[in-house]
Amino acid sequence: MSRPATVIALSEADNAELLRRVNQRKGAQDASLRAEIILACADGESGNSIAQRLGVSKDVVSRWRIRFSKWGLPSLNDEPRSGRPRTIIDEQVQQVVDQVLQSKPEDASHWSTRRMSRETGLSPASVMRIWHAFGIKPHLEKTFKRSTDPLFVDKVHDIVGLYLNPPDRALVLCVDEKSQIQALNRTQPGLPLAPGNPASRTHDYKGHGTTSLFAALDVATGEVIGWLKRQHRSTEFLSFLKEIDAFVPADMPIHLIMDNYATHKTEKVKAWLAAHPRYSIYFTPTSASWLNLVERFFSTLSEKWIKRQAHVSVKDLESSIEHYLKTYNQNPKPFRWHRKAEDILASVARAARALGK
């Protein structure tokens with residue numbers, strides 16, 4: 001006959017801790033599994049049943065049952081493993097972190113791992129590991145522009161509201177122009193992609209003129225109304241509005257989101273919009289063009305299409321962009337906006353406090 005299984009009796013505190021380990025979303029899976037084994041043992045479930053349900057061997061269930069019965073919760077932790085003893089003490093780690101965050105080298109704008117290594121006496125690899133552990137990246141620097149628009153809060157609420165809760169039986173269009181798109185041709189032919197070698201191109205180029213793309217992004221469908229012109233004055237923008245007006249059914253209200261570019265606010269544009277009351281206009285806050293979703297489309301156009309192209313003339317560039325627009329609109333996908341207005345305003349408030357403003 002087999003030896004009877006050790007009975008596990010749990011205190012309220014032990015039971016609560018084991019349940020916490022089982023339910024925690026982050027953490028080692030081994031800790032959750034061990035806690036689940038002990039809870040099942042305490043409930044009187046057999047070792048065979050536990051092993052089969054959890055996908056482990058009977059020996060594993062027996063081992064943790066016995067260990068817990070002798071030493072309690074501490075027995076579920078991993079035992080210390082043999083290995084190389086730690087050579088960097090906490091004070092050295094703190095020194096590296098403080099130095100990179102609070103000072104700069106005399107002959108450079110930021111610390112490098114090699115320079116920090118010479119200052120602290122640690123190896124460059126050790127410095128890199130410490131930086132990585134604390135999420136420190138001295139070689140990177142982000143840029144930002146804080147909007148000073150006095151109506152910033154209202155405009156954010158209006159525009160984000162259109163993205164998250166668009167009106168029924170109305171069209172929401174994000175409008176802008178991507179100006180000065182250059183027709184560039186490389187001075188020498190490049191080499192194609194090959195196994196073991198990336199595609200290559202010369203660093204220098206020859207310009208052949210520029211064009212501008214006027215675009216209106218349908219927020220609901222992702223479809224883009226595009227219009228190419230060599231100039232981007234108020235006259236061209238007004239003509240583009242007329243293109244939109246002819247494209248959209250006459251009985252459908254239109255909500256236009258656009259930035260504060262001067263060509264969008266001329267007297268002729270204002271007069272035309274006033275004569276077409278189905279248009280509701282929403283201007284993005286100053287220095288906050290990122291609120292306009294059409295910028296996402298412009299970024300996609302540049303990265304996926306224009307950036308690696310070579311064009312021998314403006315006409316060639318315009319034909320290329322028209323081809324991309326036609327292909328894109330055959331299977332458009334909307335750019336989804338997820339952040340609520342309150343989240344954006346909270347982020348701006350935190351940035352203002354960090355800047356002391």
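**Asp-218.** I began with Asp-218 and found this residue in strand β2, which covers residues 205-218; I note here that I am reading a predicted model. I then asked which side chain of opposite charge is nearest to Asp-218, and how far away it is. The nearest is that of Arg-336, at 9.3 Å, whereas a salt bridge would need a side-chain nitrogen of Lys or Arg within 4 Å of a carboxyl oxygen. I therefore wrote down that Asp-218 has no salt bridge, although Asp-218 is buried.

I looked next for other partners of the Asp-218 side chain, and noted a polar contact of 3.2 Å with the side chain of Thr-221. Leaving out residues up to four places away in sequence, I listed Leu-171, Val-172, Leu-173 and Glu-223 as the residues that Asp-218 touches.

**Arg-169.** I recorded a positive phi of about 50° for Arg-169, which is not a glycine. Is Arg-169 buried or exposed? With a relative accessible area of 74%, Arg-169 is exposed.

**Gln-180.** My last entry concerns Gln-180, another residue other than glycine, whose phi is positive and near 55°. I placed Gln-180 in strand β1, and I put its relative accessibility down as 46%, so that Gln-180 counts as partly exposed.

Key:
Residues numbered from 1 in each chain as written. Predicted model: local features only at pLDDT ≥ 70, side-chain atom pairs only at ≥ 80, totals over all residues. Heavy atoms only, no water. Buried < 20%, exposed > 50% of the residue type's maximum accessible area, 1.4 Å probe, protein only. Helix = DSSP H or I, 4+ residues; strand = E, 2+ residues; numbered from the N terminus. Lys, Arg positive; Asp, Glu negative; His and termini not counted. Polar contact = N/O pair within 3.5 Å; in protein donor to acceptor, adjacent residues only side chain to side chain. Contact = heavy atoms within 4.5 Å.
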